[in-house]
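Let's take a walk through this one, starting at a helix and ending in the cavities. Keep the model open as you read.

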Amino acid sequence: MTHLDTMRVSGRPLQGYYHQSYVLRLPANSALGCIGLDHVKVRSPRKGIAEFDRHVLTSEDNLLELLAQHGVPRIPTVLGSREMSVLTYVRGHTLRLTRQRRPNRSVPREHVRQILELVRSLNTVPLQDISALIDPVVRQSWPKDGDSAGFLRGLIQFTATRVRDAHHADYGALYAALGVDPHVLDRLAEESDTLTPRPFSLLHGDLHDENLVVDTDSRLWTIDWELATPGDPVYELATHLHLMRYPKAQEAEIVERWRTAVEDASPGASAGLDEDLPRYLRYKRVQSVYTDLVRQGMALESAPPPARPGRTAHAAEVVHDALRRARPGPLPVPAPTTIASLYEQWLLGGELGSVRPAG
């Protein structure tokens, strides 16, 4: 990549937890400008960030180049990769904005079709090519192809050790005060032994409407592949449903069309779907309780005092929603005002008592 130092930042940094990204305007005489590119996206990892998700592959750029070789549609093109990634910039808006304009927040049928087209294509990428990109340390304990139970246990173990336990010293009092059952992840791990074996495929790992960009021709582009991993395709569906929050009727349609798409590309990929999808969804909901509770606490700690009242109210709503979605189960749901009060006490280092569920 040349002339990077002459590019100009266009707008503010793009939102992202693990990366800092900028859209840069290319100079008119750049080599890329001569082939019709006037903007690029530049990404660099953010340092010192607490990890709430497993990063399995060594390089997102190498993955994107591999996906391009296998014809995966509408993904960013890697233009340069050294200290930072330089990618093509997709002009458009997120699918979330499209949904916000619709009365029932459903996803347009044409965009559903393109999501399923992506899913089908990911199930055709040779697993051995993806496995070659797994971090060597991670590869030592990675489950074998088809070991769905081992895959889910690995997810649960990561959340238990790297989120729940790693932050227990700072957030354990909040866990207890909010009624978070300390053994819920252990029970989910025990239940994982009965999962149906399924052939693994490449998973995006974070397939939601903020990572899907609608261009000016209504084509859907998939960005932010940093959490991609080989694994159980039912986990991809569970993550997608959990993050997308489809209307109930459309969710049922998505499940059936997803079943057809993956089965067509990889026979056996939907085996046991009806039994195992609820198990993955339970894990995603419990994972969100721990992740949101800690992330919101970190955001509160770093917020300037004048901004804390509004930030505390937001944190309480986020955590309340995570707790509510984790039901039915062992997680009580206190009111948002109660959660806000607990965060305020926690910030002051005060003693936290237990709370009653809302309603």
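Just past helix α7, Gly179 takes a positive phi of about 75°. Before going on, a word on the ground rules: this is a predicted model, where local features need pLDDT of at least 70, side-chain atom pairs count only at pLDDT 80 or more, and totals for chains, interfaces and linings use all residues. Residues are numbered from 1 along each chain as its sequence is written, and side-chain values use heavy atoms, with hydrogens and water left out.

Back up into α7 itself, residues 168-177. Helices here are DSSP runs of H or I with at least four residues, strands are runs of E with at least two, and both are numbered from the N terminus. The buried residues of α7 are Tyr171, Gly172, Leu174, Tyr175 and Ala177; buried means under 20% relative accessible area, exposed means over 50%, and partly exposed is in between (1.4 Å probe, protein chains only). What covers them includes α6 (148-165), α11 (273-302) and α13 (336-347), with contact taken as heavy atoms within 4.5 Å.

Now for the charged pairs. Side chains of opposite charge can pair when their charged atoms come close. Counting a salt bridge as a side-chain nitrogen of Lys or Arg within 4 Å of a carboxyl oxygen of Asp or Glu, a search of the whole structure turns up 23. Take Asp209 and Arg96, whose closest N and O atoms are 2.8 Å apart. This pair ties together distant parts of the chain, 113 residues apart: Asp209 sits in the loop between β7 (201-203) and β8 (212-214), and Arg96 in helix α2 (residues 95-100). Asp209 is buried, at 1% relative accessible area, while Arg96 is partly exposed at 29%.

Glu253 is partly exposed at 25% relative accessibility, and Arg109 is exposed at 57%.

Glu117 and Arg113 form a salt bridge at 3.7 Å, N to O, and they lie four residues apart, about one turn of the helix. An α-helix has 3.6 residues a turn, so residues three or four places apart point the same way. Glu117 is partly exposed at 30%, as is Arg113 at 37%. Through shared partners, salt bridges join Arg74, Glu110, Arg113 and Glu117 into one network.

On a 1 Å grid over the protein atoms alone, a cavity is a set of points where a 1.4 Å probe fits but cannot get out, and lining residues have an atom within 4 Å of a point. Points are joined across faces, edges and corners, and the volume is the space filled by probe spheres set on them.

The largest cavity has about 60 Å³ of space. Its lining residues include Arg74, Gln114 and Leu220, and α3 gives the most, with three residues.

Notes:
1 Å grid on protein atoms, 1.4 Å probe; cavity = no way out; pocket = protein on both sides within 12 Å on 5 of 7 lines; lining within 4 Å.
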